[in-house]
Amino acid sequence: MCAAFCSGDPVAFSSRMSALIERHSQDTLIAHLAAALSPRLRSPPARRAAIWVAIEDALTPERCVAESLTVCCVAPSQMEEWLAPLRSVCELMSVSVLREPSGVPIAWKIEGVRAAA
């Protein structure tokens, strides 16, 4: 995507963006980027490069969080074993999975209260 945008190639950019939109149809950020970047393909090369760097910089925190969640996520098959120590000190109210738009689990949301002593 970077090469297609920074080169100003509308055919390559459109092809790659269409594939991204199709693969991640629920991701509104991709739709926003497509709308914002398409008209900027006609910008001078240095401007396109600066725009791309700004986008990468803006998305860096999000990417770091997503990567950390992916690395730390407990697999569904391991969840009961992972929850066992918590159950000894907490009354769990709900356990739900947070997923990527693709459906891949990336984190668990666990709500509970400390068990009465």
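Me: At what angle do the axes of helix 2 and helix 3 cross?
Reply: This is a predicted model in which local features need pLDDT of at least 70, side-chain atom pairs count only at pLDDT 80 or more, and totals for chains, interfaces and linings use all residues. Residues are numbered from 1 along each chain as its sequence is written, and side-chain values use heavy atoms, with hydrogens and water left out. Taking axes as lines fitted to C-alpha atoms over the stretch in contact, with angles from 0 to 180 degrees between N-to-C directions, those of helix 2 and helix 3 come within 10 Å and cross at roughly 165 degrees.

Me: Are helix 2 and helix 3 roughly parallel or roughly antiparallel?
Reply: Angles under 35 degrees count as roughly parallel and those over 145 as roughly antiparallel. The crossing of helix 2 and helix 3 is at roughly 165 degrees, and therefore the two helices are roughly antiparallel.

Me: Which residues of helix 3 does helix 2 meet?
Reply: Contact means heavy atoms within 4.5 Å. By class, the contact of helix 2 with helix 3 has eight nonpolar, no polar and no charged residues. From helix 2, Phe13, Met17, Leu20 and Ile21 meet, in helix 3, Ile30, Leu33, Ala34 and Leu37.

Me: Is serine 77 buried or exposed?
Reply: Serine 77 lies in the loop between helix 4 and helix 5 (79-87). Buried means under 20% relative accessible area and exposed over 50%, with partly exposed in between, for a 1.4 Å probe and protein chains only. Because its relative accessibility is 71%, serine 77 counts as exposed.

How values were computed
Helices (H or I, at least four residues) and strands (E, at least two) are DSSP runs, numbered from the N terminus. Angles under 35 degrees count as roughly parallel, over 145 as roughly antiparallel, 65 to 115 as roughly perpendicular and the rest as oblique. Ala, Val, Leu, Ile, Met, Phe, Trp, Tyr, Cys and Pro count as nonpolar, Asp, Glu, Lys and Arg as charged, and the others, Gly among them, as polar.
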